Amino acid sequence: MRGFWAIFLKEFAHIRRDPTTIFFTFLVPVIQLTIFGFAIDVTIDHIPTVVMDLDGRQESRRLIDAMQNTRTFDVIERVTDDESYHRAITSGRARVGVLIPAKYSDRLLLREQAPVQIVIDGSDSQAATAAMNTMGLLATELSKARAKSFGESLQLAVARNEQGHFAMPIDVRPRLLFNPNLESAHFFVPGLIAIILQLVLLFLTTFSIVREREMGTLEQLFVTPVGRGGLMLGKLIPYALMAFGELLIVLLAMTEVFHVPIHGSLTLLLGLSWLFIVTVLGLGLLLSTLARTQLEAIQFSFLVMLPSVFLSGFMFPRAQMPIVIRSLGNLLPVTYFVEIVRGVILRDADILDLTPSILGLSACCAVILTLSLLRFRKQIA
Amino acid sequence: MNEDAVIRTEHLGRRFGEVVALRDITLSVSRAAIFGLLGPNGSGKSTLIRMLCGVLAPSNGTAWVLGNDIRTSPEAIKTRIGYMSQKFSLYNDLSVIENIRFYALAYGLAPSRRREREQAVIDLVGIGDYVKRLASHLSGGWKQRLALACAMIHEPEILFLDEPTAGIDPVARRDLWDLLFQLAHQGVTMFVSTHYMDEAERCTKVGYVLSGDLIALGEPHELKSLPQVTPPGTRRYAVSCDDAPSALARARNIPEVRDATLFGTELHIQLADAMSPQTLVQRLKSHGLSPSPRAGASAPAVGEAATRESHAEFREVQPSLEDVFVTLSRARSRSNAA
């Protein structure tokens, strides 16, 4: 522990002199949070739609209005010939095409089945799925309304509700827990906290050590009586404190700007954050023993950051991943921390609920710390 | 003599994998000496210094620095030595005083002593006017002084300097040596690596390392009178002539010339006593030296051998340290080839 205070105070002098460190630590996370919180909206609406209405009477207009009202579709073009209809899709102007045949209204009046052709551009699978589901739902609703008015005219009904009105025989009553308005910010922002915390901490610690190696000051330090423990902790603790400050700022931005409340225990969240911080410090130390230059440090950091973003479940649900990819995600500490943060913030999960994630994170922590300490010791010996 | 030695190595060696960086180094340095370690780049100078500083473990042999074995008690050494590396490892984003304060703290000086020592090293290197300036904004010479101040903060008994003057202007180089003499006078032992021969001449003792071997060790005057350098029956002469490069080629064809090297416009020639220097000068001329166009314009030469066609004069010289190292290096490469 010799020399701890010398190194500790010196690191703060570096931080004070370097505005980019402060910018990177405190401002960039808030910017990222804003981007992910506001810009990434996974609900799909306003799909550009082309309509070829060969019927043109009341019933077909009712169908088109109903489509517009869902807000999933935006009718951007109305065409009358096949050529323009297909052009609209192939050129990419419209993602969905609706073809209402000439005898649509007539068929409905004659109580015949009236086909409506829907063409969907499947290249954006999520938009295509949304368009398909919405159209299916729309057709069911319109058919239901027709069936209802027909049934009422005959005084017949398959089922009635308490008020005695015509109703669907099976009544599904979904209740959305935790995120009733299905806002994607609620899902993304807590996960983002974990990702940002790792990003900032990893870059700060790796760089602070690799920079000294590159400048030759690390060798100079070995000639002083500064001990290994003092050197290591003196370098890591300032950045751990900075990262913790950053965590508090991001949590504040989350609750105040994005109105994502913390349902669970803040103490539990902050306590487990420290477990994660220690783990990432170890990871940074490990990377700093591998990278000889700052350029290599960037490359190694990306090697960790990219899988962290894509495999941790932050962006894509892990349940749908192939088993091999999912196991890779299990090796990343951030996978467990994303789960912990979401659990505490969104679902009011307690320590019992989080046990698997806590155990996973602890295992990562133990392995990483052991490896990095061994390498760090060996390197300066 | 050895009781007074503050650095003593015995058969010290270091390997990096297959590569032997240093082999069988045995030397001693007495207190307040200025020891100059010479050798080309990559000859193992830095490796030796790093081992003596206790940051690199030896593969063979050992060394004692201030009575501490470098293998068993490197930490005891660290508080009593100072080290200044080639790169003047300073924190460029910290100011002069912040750098000094950092090392004062790193060496664990007591708070009361810290302030006093900070002022002392600032006065020592005369950097008082720049204390608030960032290290990155200092010139090379001032960076070097700051590095020296940091290395001296804890009043070390030995100062290791690894090529302290590489890339520094001549004035700063001279100033640094004045400082080193001043410190040596105060009883600090200097262990300096360099490849400047003029710096070697100022040392009280020098060692010459060539690809991991210590091939010469002693006081400069001892080395200059080594029999291997100027074998009995030979003398060294400096011959100045106006077309020295072609004269050099001719001199090397004369059997009595044992060694010939070019020093600017002079030839340094090691000549067997069998031939007199006058004969040598005649021989150099008689090989059909055509008068250079500028020869007539230059000042008339005063030596016996002066002619209108070519000017040449000679004087007997002591070998310089460079002569010593060149001769020893050549002898070594010849014996390696044999």
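This is a predicted model: local features need pLDDT of at least 70, side-chain atom pairs count only at pLDDT 80 or more; totals for chains, interfaces and linings use all residues.
Residues are numbered from 1 along each chain as its sequence is written, and chains are lettered from A in the order in which they are written. Local features need pLDDT of at least 70, side-chain atom pairs count only at pLDDT 80 or more, and side-chain values use heavy atoms, without hydrogens and water.

The C-alpha trace of chain B spans about 75 × 45 × 35 Å along its principal axes. Its secondary structure comprises 11 helices and 14 strands (DSSP runs: H or I of at least four residues, E of at least two). Of its 338 residues, 51% are buried (under 20% relative accessible area, 1.4 Å probe, protein chains only).

Across all chains, 19 aromatic pairs occur (ring centres of Phe, Tyr or Trp, the last by its six-membered ring, within 6.5 Å; planes under 30 degrees apart are stacked, over 60 edge-to-face, the rest tilted). Phe188(A) and Phe314(A) are edge-to-face, with centres 5.9 Å apart and planes at 80°. Phe188(A) lies in helix α7, Phe314(A) in the loop between α11 and α12, 126 residues apart. Both residues are buried. Phe276(A) and Phe337(A) are stacked, 4.2 Å centre to centre with 5° between the planes. Phe276(A) belongs to helix α10 and Phe337(A) to helix α13, so the pair ties together parts 61 residues apart in sequence. Phe276(A) and Phe337(A) are also buried.

Arg8(B) sits over Trp64(B), 4.7 Å from the ring centre. Arg173(B) sits over Tyr196(B), at 3.8 Å.

Technical notes
Buried means under 20% relative accessible area, exposed over 50%, partly exposed in between (1.4 Å probe, protein chains only). A charge sits over a ring if NZ of Lys or CZ of Arg is within 6 Å of the ring centre and within 35 degrees of the ring normal.
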